[in-house]
Amino acid sequence: MTTGKVKGIISNLVTVVVDGPVSQNEIAYISVGGAKESTKLMAEVIKVTGENVFVQVFESTRGLKVGDTVEFQGHMLEVTLGPGLLSRNYDGLQNDLDKLTGVFLQRGEYNFPLDKEKLWHFKPLAQVGDRVEAAAWLGEVDENHQPHKIMVPFAMEGAYTVKSIAKEGEYKIEDVMAVLTDADGIDHQVTMIQKWPVKKAILAYKSKPRPFKLLETGMRTIDTANPICEGGTGFIPGPFGTGKTVLQHSISKQAEADIVIIAACGERANEVVETFTEFPELEDPHTGRKLMERTIIIANTSNMPVASREASVYTSMTIAEYYRSMGLRVLLMADSTSRWAQALREMSNRMEELPGQDAFPMDLSAIIGAFYARAGYVYLNNGKTGSVTFLGTVSPAGGNLKEPVTEGTKKVARCFYALEQARADHKRYPAVNPIDSYSKYIEYPEFAEYISGLIDDQWIPTVNEMKTYLQRGKEIQEQINILGDDGVPVDYHENFWKSEVIDFVILQQDAFDKVDSVTPLARQRYMLNIVMGICRSDYNFDNFLDVADYFKRVINLCKQMNYSEFESSEFKGFEEKLKALLDEKQIKG
Amino acid sequence: MAKAFQKIYTQITAITKATCSLKAEGVGNEELATVNGKLAQVVKIMGDEVTLQVFQGTEGIPTNAEVVFLGKAPSLKVSDQLAGRFFNAYGDPIDGGPAVEGKEIEIGGPSVNPVRRKQPSELIATGIAGIDLNNTLVSGQKIPFFADPDQPYNQVMANVALRADVDKIILGGMGLTNDDYLYFKNVFANAGVLDRIVSFVNTTENPAVERLLIPDMALAAAEYFAVEKHQKVLVLLTDMTLYADALAIVSNRMDQIPSKDSMPGSLYSDLAKIYEKAVQFPEEAGGGSITIIAVTTLSGGDITHAIPDNTGYITEGQLYLRRDAEIGKVIVDPFRSLSRLKQLVAGKKTREDHPQVMNAAIRLYADAANAKTKLENGFDLTDYDNRCLEFAKEYSDKILAIDVNINTVEMLDIAWSLFAKYFKPEEVNIKQALVDKYWK
């Protein structure tokens, strides 16, 4: 192995003089603290010029000295993949946070991410003599009720023949589960675990079609107005205080996914603690099991080392791709990708690279693009499907969407959920602006076909009609602001208030109310039909004062319906009252 | 001062306004040194050339200055003796008292493992309804006042500190004017709480770069009391904008490429390292907590500037003060202020109707603001508009003003009585069950 000596230190950028070959992104360990209390710090090669190798250290470099020794590892940053990842809390380098001792994170403390002693009940899926290739399913174990497939390691190239496979029974992750013979007749042992470099996409699938299946989130402003698909990509930009994190939490709690991976990348520690606290208690609305059973948390909060922030998003994506290869639906949420971009900026700055816009590295949008491209809905080689849906938040500096991270992301993400300060100020949560936001999927014919089968063929036209009412309402509001309440005809007020009904009843949703926070698709359909029924009717009003007063009562009743259990007697009671109220003023056509 | 084994260097090769460089060996990153007696810290090492940041500035440093490396990072001696004392940025007493005896700990130490934290869940009551009702504070939270320099943020902060039920209050003053420093000293002394207070103060009379040590000093002391003494600690940091300005000065003098608003590219991480020291420990770890209330002064109310912007992304909300011309008092602005942790206590540690009452009142207050715009534009107001305006005025006076000092039940009762006075239940949009129970 190549070794080296520290030559220079600026914060966490360390220059090393080496005695042999090194490769870009290779991992190295630097010994700090002298011989008696030596601690090894993990670092990654980010630039090589002549004999000088620049590494970014994933920890504090306090006390590091010139001449300290460096050992290169001959591989890139890798994660260990195998059963037992679910329910764990990792840092950005896949250290199990629960295994770390002490209240404070001590630098240089690394651990193995899985449990080597736990027994898993293995069932073989392949048979002796089968021809297999990378990612082929050899068997499965039950991991928190998910069929965790034991696969041919992704790194194995070419075709193999199964020489032997373990019988059904209890095994540990390091036991040999199968022996595979390659074309040259050489045998390879396969255990339940494998390693994969995080910066390389796992490409062991047959094809990646355009996403078309709705990923239900229970959030009306997403599912109804701007749906995201399984394997789709979306991003949520928003100034601070507009509810980015609450929105992400709601999605991660409610989305209809088999596996949820939360990458807390450079954000607040207390938000991660909220997830740690709530997820073991809360139930998955789809299966009734605890949310934590299907969740993996990669926590690299803002006070944890900056360099591993970058690693954390790749670690999360690699784990997501691993589960996708098992034919599962994975939802990956990263909060926030801006912090990752800032970590890149800090390093680029220390390396004295010529800066791009706002001092970000020049290749920022290419890096973002390549990362989003790893999401997707795939057909595996065995014909099964799997998906990684990726939702990232962006924290635009000063709330200005014309900044490099937002712009770079907008080019690649297919759904855009624009959080708006004005909506948040008026407590109209979720503060997703219904007019600026979009989902490209709603334009895909394959999605239209799918949703027609799932709901009905009137769904997309109805949603588009709803958006038209919203757009019209916004225009009228601007006119009223200019001309005054009595400067416009009464029917302008009527149309404005129809858009308010849509806003209050469909778009706004109380994330902290037990009933209102999750709206299943059937209920979304029911409410949308009620609201659109209200919008399509004409009303008898003498003056504009009556309009506001009347529609406020309409909104109040609809909101009470939203707060009641679907189809309960309470719900139906409010619905009766609503009907009576509508009968008062509606013109029967 | 140099100990026998310490090598003295006397050949400085480069001097800038904030740094000096010399050839030296065996030096650790971030190690402290003295340059002609002035404290300095290693910020860059390249081969045998070491660059030191001199906290007091490099005025008067000669090329043959004596440089001694101290073999340690900046540190503070901690013990119960800290209580009641005033220190400078280096942790040396400035109140004329003796030096503190105790365990020496490095400042700016490692972060708490997130899985060893507890979710904050204890309300910190301040009596100020604009905070307790609309923006409830929780122990373990970090929250700044975003204020223009002329607003009475230090006074409000001192009030909050004195009313809050905590074991220790640690003041980190950065670029405090001498007047404000004396103000804090007097307020704390008059309230008879000096024994609960530890202060680290850098006034405008001290060199700007020294400020960089203040938050780490204050938080090292806070961690000592929270971790080892299991105490509830409240840390006051004022003014973090001046801290960030000092960061910019240093980064500028080290020829780093500035990012937005001339701030260093690492501003977010630098601020996060400080604010994330706020923590609630679980019972198993003694149940101590660190709560941070800071001040970020704004320039003309501009929150898109890099300092408030990055702060807003790190802290758990922000509090704004505003002078309300209608009632002639300073109020806590209900629109822009936000405590992100309030839902952890609102309706749980307080009465069940708290979240809905809070939101309804703010919605009506927003309607009043719209009505006011209409009025200013010369349009006729509706009956509803007029009622909103009347409501807003009384709400401002009885709830939002910073001179209010009542408990949360009283705050909620006042809000319900104002609803009943000006509105019908369906205009308030609160869950029917709560209306049935509390409508007055």
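In what order do the strands of the open sheet of 4 strands that holds S10 of chain A run? Keep that in mind while we set up the viewer.

This is a predicted model, in which local features need pLDDT of at least 70, side-chain atom pairs count only at pLDDT 80 or more, and totals for chains, interfaces and linings use all residues. Residues are numbered from 1 along each chain as its sequence is written, while chains are lettered from A and ligands numbered from 1 in the order in which they are written.

**Stop 1**

Select S10, S13, S15 and S16 of chain A: the order is S10-S13-S15-S16, and the pairing is antiparallel. Helices (H or I, at least four residues) and strands (E, at least two) are DSSP runs, numbered from the N terminus; two strands pair if DSSP finds at least two bridges between them. At the edges sit S10 (131-132) and S16 (187-190) of chain A, each pairing on one side only. Zoom in on S10(A), which 2 bridges join to S13(A) (residues 160-165). Here Val132(A) has Tyr160(A) as its bridge partner.

Now select the open sheet S12-S11-S9-S14 of chain A, with 4 strands and antiparallel pairing. Its edge strands are S12 (146-151) and S14 (169-171) of chain A. Neighbouring strands of this sheet are turned by 40° against each other on average, direction ignored (axes are lines fitted to C-alpha atoms, for helices over the stretch in contact, and angles run from 0 to 180 degrees between N-to-C directions). S11(A) (residues 137-143) pairs with S12(A) over 6 bridges, and Glu140(A) has Lys149(A) as its partner.

**Stop 2: helix H3 of chain A**

Select residues 269-278 of chain A. Of the 10 residues in this helix, 7 are buried, so H3(A) is largely enclosed by the rest of the structure. A residue is buried if 20 or more other C-beta atoms lie within 10 Å of its own, exposed if 12 or fewer, and partly exposed in between, with C-beta atoms placed from the backbone. Among the buried residues are Val272(A), Val273(A) and Phe276(A). The buried residues pack against S8 (89-90), H2 (244-254), S19 (259-265) and S20 (295-300) of chain A.

**Stop 3: where chain A meets chain B**

Show both chains: the contact takes 62 residues from chain A and 61 residues from chain B (two residues are in contact if their C-beta atoms, placed from the backbone, lie within 7 Å). H3(A) returns here, as one of the elements that give two or more residues to chain A's side. H13(A) gives the most, with 8 residues.

Next, select S1(A) (3-10) and S5(B) (residues 38-46), an antiparallel pair over 3 bridges. Gly8(A) stands opposite Met46(B), and Ile10(A) stands opposite Lys44(B).

**Stop 4: two hairpins in chain B**

Stay on S5(B), which 4 bridges join to S4(B) (residues 32-35). Ala33(B) has Ala40(B) as its bridge partner. S4(B) and S5(B) form a hairpin with 2 residues between them, and Asn36(B) in the turn has a positive phi of about 50°.

S5(B) also pairs in the antiparallel sense with S6(B) (residues 49-54), over 6 bridges. Ala40(B) has Val54(B) as its partner in S6(B). In the turn of the hairpin that S5(B) and S6(B) form, look for Gly47(B), with a positive phi of about 60°.
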